[in-house]
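User: I have a structure open and a few spots I'd like to go through. Can you take them one by one?

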Amino acid sequence: MTQYFKVESTSDHIRILRMGSPDKPVTVLGEPLLRELNDLVDELAEDKEIQGLVIIGAKKDFALGADINDISRFDTPEETRDGALKMQGILNKLEKLPFPTVAAIDGQCLGGGLELTLACQWRIVTETSTLALPEIQLGLIPGGGGTQRLPRLIGIQDALDMILTGKRVSGKRAVKLGLADACVHPTQLERVALQYATKSKDKKLVALNAKNLSKDLPRWATEHTPIGRAFVEKKAREMVEDNTKGFYPAPFKALDAVFDGFEKKLEKGLELEAKLFSELAHTRESKSLVHLFHATTAAKRNAYADAGKEKFGDDAPEQVGVVGSGFMGAGIATVLADKGVRVLLSDPNKDSTKRALANAHKYFAKKAKRGRIKSFELWQKMAHISPGLSIQGFGSADVVIEAVFEDLGLKQEILAQVESRAHENQVFASNTSALPIGKIAAKAQHPERVLGMHFFSPVEKMPLLEIIVTDKTAEWAVDRAFRLGQRMGKQIIVVKDSPGFYTTRALAFFMAEAALILEEGANIEEIDDALTDFGFPVGPITLMDEVGIDVGIHVLESMGEAFGDRIKTPAGLDSIQQSGRLGRKNGKGFFTYEGGKKGKPDESVYEMMGQGRTYKFIPAEDIADRCVYVFINETIRCLEEGILQSAYDGDIGAVFGLGFPPFLGGPLRYVDHLGAENVYNTLKSLEERYGSRFAPPALLKKHADAGSRFFPEEK
């Protein structure tokens, strides 16, 4: 009795295996499924009547790869290697079956799912298929033969493009690459697959000829000669080093697997792949990235869905009003339109609205140029944005998002105007980064319909959405915001209303500490380099220029009012702002700017920090420790105070919104790695030297005393 495969036979002795996980909406190649496949392949090999085999998905997607939990259960690299070798052994037996084998692929075919198809002779895909080897995003490499079979099938360079990036390939693109043999409409998939199952077992190789010489000869010269491969490998390693800055070991292991494996017979190449895969599975980097995978999976669960469903059924927000067409409002409107949501965009400034529409057009035109949308779709998406000088017509919107300057009075005024036109189920969301939602809603007629939707700049690129709720916000209103954020493709965390919420609060302490270190005598580049060497994408001083010095000071002042002496900022920042420096947006900041490009630090900034400031060498490790540990401390405090709903949310917000290094998993996963007791002791030492902002919270003390972790279920 098969559980994961439904076995069928045709009149001409073609066997069909319909593959699907019975207890899950998607198919994953877990250990039970692979064990069943192994038994079936053994039976097929003994059946002399079979003329061909078709493996087809029984669900919407062909397969989403191996079960990550299976990999995590292995305690040692040796156990992990043996697990990979077992999967490879099953696929090797599939590859050696004495009759034609066909993988019929619809929907997503990822990771181990794609490796299964690579062991088949033919691959038929549909126009809606996507194929990928995304293991690199988990700090791993393919472990079921992907690093060996894919380069032999489509060439080293095209294979590396998939393996090193995890990029998804469409069905049509797969045929062009040689990864698939035919691309058909989904309704024709099984019919065409059955036709291929009657073809000859041996594929005929296409010889070099005048038609394909220009394409194949360069590939032959670079990939099928030792000198050519050495050149390609050298360039690939340089690219990987530049992109990863050495923080991620997986891309380097991928290069080892591909280039060293290409020199060997397939069997030896597979052994090498299993060895490298097992080594990576037990690195801190991979465990951290797997942790983020679990965190983002957990964050997709909408805790407010029942309240929304009770009120609206399955209806999601379809029309949104956006007040303010500045940089943030324009970005919000663009992403909404891109996802098919109708947008009413209001701003009394005609020029601002024109710029917003021009930016939206530029965004969609770039997607069209890259082939991600059709040319006619550009205008369809633009038509989703309806500009205006007032909020006339906003009464019909499901959600209204206010995205104006951080001025409490202005936001309250807009809320009053919107409420005067609103229907009884309309939600008002403020895109504020620091002002408490409770204050914005203080004069609201319906505070239960008011919440915060804190987007990050630029909205088109930054994945995080922080939804802020007060003790008066209705759960159905949160569901409306959550569903809208999901439609926009955002990673969502829901936090409790408070000064700075979570992300702005943690970032404020981080940037304030960097400014204090600058005042103490460290140079701008030393501070930025210490944090980028730690793993942040940009340093805190550069970040201050990027967000705007005026915005940064406003946030720090707001945090100072809320947290008093616990957050300390240097007086010199006021002098820098008074000098007219706003950062990148006006070409004057901590750095010089020429033609919009950042140059070297502006030396005159040091004088503005105060007459008593003189250069003082501060070790990079001390700079990083102070900035990172104050960040960690505020994250733990937010969890302790109930601002964060879960530890997962703390890591998602830090990584996807604030640039905390993904290879560390987020601030709370990093505490688990270091050990709560060690982090507690470090914070106590920093508190003695620098003050109460480093005082460790009771929650950390509790973990330190018990030897417990924020994520006890993870190794």
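User: Start with Thr-80. Is it buried or exposed?
Analyst: Thr-80 counts as buried, because its relative accessibility is 0% and the cut-off for buried is under 20%. Bear in mind that this is a predicted model.

User: Which helix does Thr-80 lie in?
Analyst: Thr-80 lies in helix H3.

User: And what is Thr-80 in contact with, leaving aside its neighbours within four places in sequence?
Analyst: Thr-80 touches Phe-74, Phe-277, Ser-278, Ala-281 and His-282.

User: Which other residues of H3 are buried?
Analyst: Besides Thr-80, the buried residues of H3 are Ala-84, Met-87, Gln-88, Ile-90, Leu-91, Asn-92 and Leu-94.

User: What do the buried residues of H3 pack against?
Analyst: They pack against several helices, namely H1 (31-46), H4 (112-118), H5 (146-154) and H12 (266-281), and against strands S3 (52-57) and S4 (101-105).

User: How does the span of H3 compare with what it should be?
Analyst: The two agree: H3 covers residues 77-95, so at 1.5 Å a residue its 19 residues should span 27 Å, and its end C-alpha atoms are 27 Å apart.

User: Different topic. At what angle do H21 and H24 pack?
Analyst: Helix H21 (residues 503-520) and helix H24 (residues 549-563) pack at about 105 degrees, and their axes are 10 Å apart. That angle makes H21 roughly perpendicular to H24, because 65 to 115 degrees counts as roughly perpendicular.

User: Which residues make the contact?
Analyst: From H21 they are Thr-504, Arg-505, Ala-508, Phe-509 and Ala-512, and from H24 they are Val-555, Leu-556, Met-559 and Phe-563. The residues of this contact divide into 7 nonpolar, 1 polar and 1 charged.

User: Now the backbone. Which residues other than glycine have a positive phi?
Analyst: Among them are His-13, with phi near 65 degrees, and Phe-501, with phi of about 55 degrees. Most residues other than glycine have a negative phi.

User: Where are those two?
Analyst: His-13 is in the loop between strand S1 (5-9) and strand S2 (14-19). Phe-501 is in the loop between strand S17 (491-496) and H21.

User: Buried or exposed?
Analyst: Phe-501 counts as buried, because its relative accessibility is 0%. His-13 counts as partly exposed at 38%.

User: What about the peptide bond from Ser-457 to Pro-458?
Analyst: That bond is cis, with omega near -5 degrees. Most peptide bonds are trans. Pro-458 is found in the loop between strand S15 (450-455) and strand S16 (464-469).

User: Next, Lys-367. Where is it?
Analyst: Lys-367 is in helix H16 (residues 350-369).

User: Is Lys-367 buried or exposed?
Analyst: Lys-367 counts as buried, because its relative accessibility is 18% and buried means under 20%.

User: What does the Lys-367 side chain have a polar contact with?
Analyst: The side chain of Lys-367 has a polar contact of 2.9 Å with the side chain of Asp-338. Leaving aside neighbours within four places in sequence, Lys-367 is in contact with Arg-372 and Ile-373 as well as Asp-338.

User: Last one, His-673. Where does it lie?
Analyst: His-673 lies in helix H29 (residues 667-674). His-673 is partly exposed, with a relative accessible area of 38%.

User: How far apart are the C-alpha atoms of His-673 and Lys-715?
Analyst: They are separated by 9.5 Å, while the two residues are 42 residues apart along the chain.

Technical notes: Residues are numbered from 1 along each chain as its sequence is written. This is a predicted model: local features need pLDDT of at least 70, side-chain atom pairs count only at pLDDT 80 or more; totals for chains, interfaces and linings use all residues. Side-chain values use heavy atoms; hydrogens and water are left out. Helices (H or I, at least four residues) and strands (E, at least two) are DSSP runs, numbered from the N terminus. The expected span of a helix is 1.5 Å times one less than its number of residues. Buried means under 20% relative accessible area, exposed over 50%, partly exposed in between (1.4 Å probe, protein chains only). Contact means heavy atoms within 4.5 Å. Axes are lines fitted to C-alpha atoms, for helices over the stretch in contact, and angles run from 0 to 180 degrees between N-to-C directions. Angles under 35 degrees count as roughly parallel, over 145 as roughly antiparallel, 65 to 115 as roughly perpendicular and the rest as oblique. Ala, Val, Leu, Ile, Met, Phe, Trp, Tyr, Cys and Pro count as nonpolar, Asp, Glu, Lys and Arg as charged, and the others, Gly among them, as polar. A polar contact is a pair of N or O atoms within 3.5 Å; within protein, one must be able to donate a hydrogen and the other to accept it, and residues adjacent in sequence count only if both atoms are side-chain atoms.
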